[in-house]
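Student: I would like to go through this chain term by term and ask what each label rests on.

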Amino acid sequence: MLSGELSTVTVRLENCGNLAVTRLLVTCGTPGLVALGSPQRGDVMEVALPVGLAPGASVSVDMQVRAHDLRGSYTADLLFYYENTRDQAKPLYRLVRHSWPILVHDSVQVSVTSSRSTGSSKIEETLNLRVQVQNSSQVHDSVKCEMCVECAALHSPHWQLSDRSFHPAAVPLGPQELAHFLLKVRRKGGVGTELSRLPLIDNSALMPSPEFLLPFDDQTSDFSGAEIRTMESVVALQATFIVMWRATIDTRGGDKRVAVGQHHVKLSHLGDMSSWPPSPAHSQGSPSPATPLRIFGVDCAQETPTDSLTVRQQLVTFSVSRPPASTTPHDFTKDRLCIVPVDLHLRNCSDCELLVKVEATGATVGKKGYMYSPHPCHSFHWVGCTRRLVSLPPHRPLCVKMAVAVGLPGAYNLGSHLTVQARRPVDVDFVTQSWRTDAILIVT
């Protein structure tokens with residue numbers, strides 16, 4: 001089997017005893033290897049039986065098997081537990097063991113990098129997922145496969161896949177070939193965990209098997225207290241990205257078959273790159289990057305990926321745009337002063353209410369890059385109310401009306417001298433937000 005391959009086998013169970021079997025449980029020594037009905041008490045699954053499986057009677061059930069994510073030789077150890085009767089205070093039970101070997105070959109490696117979208121401030125809160133899928137098989141392997149990614153899915157209580165995504169056409173991937181996808185994720189409105197699916201090719205009927213998904217970890221990493229966990233939600237994704245693929249397997253003997261499978265990548269924090277299975281460099285024990293030399297013990301001032309200050313700098317995203325109704329041409333020969341209204345779109349990315357302070361310098365000289373104009377940019381002035389203090393509800397947007405005054409045509413970077421600060425009502429100091437966006441205004 002290929003790593004992550006899904007296969008359905010039929011298990012026939014026959015009662016060879018003298019008493020009727022009233023209850024049958026099964027578990028596997030390798031978690032996530034088999035799925036049979038609804039899990040009971042962790043990895044223990046119960047087989048649906050008639051009122052009583054009489055002596056000599058048999059029942060057949062479908063068991064779904066998902067191969068291990070890493071190549072190698074494995075053994076599927078199954079343990080069957082069955083009870084004969086419930087009439088007595090202590091039921092009579094027996095245990096039956098069954099095992100079979102599984103040889104796993106390489107299939108695909110999936111890498112996912114998450115980041116906030118610059119368009120999330122205007123309409124809805126969205127994220128970008130940059131996905132890389134590589135065919136891990138080698139040309140000289142005894143089992144070669146040609147892959148095709150057919151479906152993507154996201155299992156999360158807060159996010160769901162959006163149709164506004166980019167993915168290439170259905171191109172088969174040969175050994176060591178890779179493809180890139182740019183998927184859009186939006187914050188879901190309702191409560192509860194759901195599985196959102198996005199077909200990557202037309203008429204794809206593949207559906208992820210939720211039985212093989214691991215539960216989410218409810219523990220927080222570097223915070224303590226309810227208010228800190230609320231802040232951590234700014235960067236915590238708590239999602240599992242799923243890739244469904246179809247492969248044509250070719251062995252050296254000339255045999256061919258078609259297999260389907262799914263791979264899971266757990267997304268923990270925003271901005272991190274997650275890969276599964278691990279790259280060959282990591283699996284072969286490559287040396288880790290050098291760490292700073294510590295002479296006087298642990299440096300307590302060292303920041304963690306979810307450091308409190310780092311999180312407080314990512315509470316608000318913003319973007320600047322010009323209202324569509326104000327896109328009228330201006331004649332500088334008649335009026336040397338042009339007042340341009342602009343909209344500042346703010347969005348709260350946290351689970352708590354925020355106080356946001358917007359401040360724009362009154363006058364500045366813009367520096368324009370070569371990609372916009374070969375001429376130097378001229379000075380402009382922020383006019384009107386240049387310092388605003390607003391309240392933002394959790395995960396809600398707000399549009400702040402502002403204006404700039406320019407005296408000559410040119411291109412102006414409005415975001416270079418625009419500061420957005422935020423704090424919670426219980427905090428004392430405002431924290432400058434680290435979000436940066438291009439706010440180029442071209443006046444003709």
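The dialogue below takes up the labels one at a time.

Tutor: This is a predicted model, in which local features need pLDDT of at least 70 and side-chain atom pairs count only at pLDDT 80 or more, while totals for chains, interfaces and linings use all residues. Residues are numbered from 1 along each chain as its sequence is written, and side-chain values use heavy atoms, with hydrogens and water left out.

Student: How many helices and strands are there in the chain, and what makes a stretch count as one or the other?

Tutor: The chain has three helices and 28 strands. Both are DSSP runs numbered from the N terminus: a helix is H or I over at least four residues, a strand is E over at least two.

Student: Why is Gly32 called partly exposed?

Tutor: Buried means under 20% relative accessible area, exposed means over 50%, and partly exposed lies in between, with a 1.4 Å probe and protein chains only. Gly32 has a relative accessible area of 31%, so it is partly exposed. It is found in the loop between E2 and E3.

Student: What does Gly32 touch beyond its sequence neighbours?

Tutor: Contact means heavy atoms within 4.5 Å. Not counting residues up to four places away in sequence, Gly32 touches Arg66 and Phe212. Gly32 and Leu214 are 182 residues apart in sequence, yet 8.0 Å apart in space, C-alpha to C-alpha.

Student: What makes Pro172 partly exposed?

Tutor: The relative accessibility of Pro172 is 40%, so the same cut-offs place it in between buried and exposed. Pro172 is found in the loop between strand E12 (159-161) and strand E13 (178-187). Leaving aside neighbours within four places in sequence, Pro172 is in contact with Glu146, Met147 and Glu177. The C-alpha atoms of Pro172 and Thr248, 76 residues apart along the chain, are separated by 9.6 Å.

Student: What share of the chain is buried?

Tutor: Buried residues make up 43% of the 444 residues. Among contacts between residues at least 6 apart in sequence, 75% join residues at least 24 apart.

Student: Which residues have the most contacts inside the largest nonpolar core, and what makes it a core?

Tutor: A nonpolar core is a set of buried Ala, Val, Leu, Ile, Met, Phe, Trp, Tyr and Cys residues joined through side-chain atoms within 4.5 Å. The largest such set has 35 residues, and Leu344, Leu346, Val356, Met402 and Leu414 have the most contacts inside it. Several strands each supply at least two residues, including strand E18 (316-321), strand E20 (354-360) and strand E24 (397-406). E19 gives the most, with five residues. Leu414 touches Val320, Val342, Phe380, Trp382, Val404, Ala439 and Leu441, not counting residues up to four places away in sequence. A second, separate core has 34 residues, among them Val108, Leu161, Ala179 and Val265.

Student: How do you know that E1 and E16 pair?

Tutor: Two strands pair if DSSP finds at least two bridges between them. Strand E1 (residues 5-14) and strand E16 (residues 256-269) have two bridges, in the antiparallel sense, so they count as paired. The bridge partner of Leu6 in E16 is Val260. These strands belong to an open sheet of seven in the order E3-E6-E1-E16-E15-E11-E14, with antiparallel pairing.

Student: What lines the largest cavity, and what makes it a cavity?

Tutor: On a 1 Å grid over the protein atoms alone, a cavity is a set of points where a 1.4 Å probe fits but cannot get out; lining residues have an atom within 4 Å of a point. Grid points are joined across faces, edges and corners, and the volume is the space filled by probe spheres set on the points. There are three cavities of 30 Å³ or more, and the largest has a volume of about 60 Å³. Its lining is Thr30, Leu33, His68, Tyr74, Thr75, Ala76 and Ile102. Strand E7 (residues 72-83) supplies the largest share of that lining, three residues. Twelve bridges join E7 to strand E8 (residues 93-104), and the two run antiparallel.

Methods:
On a 1 Å grid over the protein atoms alone, a cavity is a set of points where a 1.4 Å probe fits but cannot get out, and a pocket is an open set with protein on both sides within 12 Å along at least five of seven lines; lining residues have an atom within 4 Å of a point.
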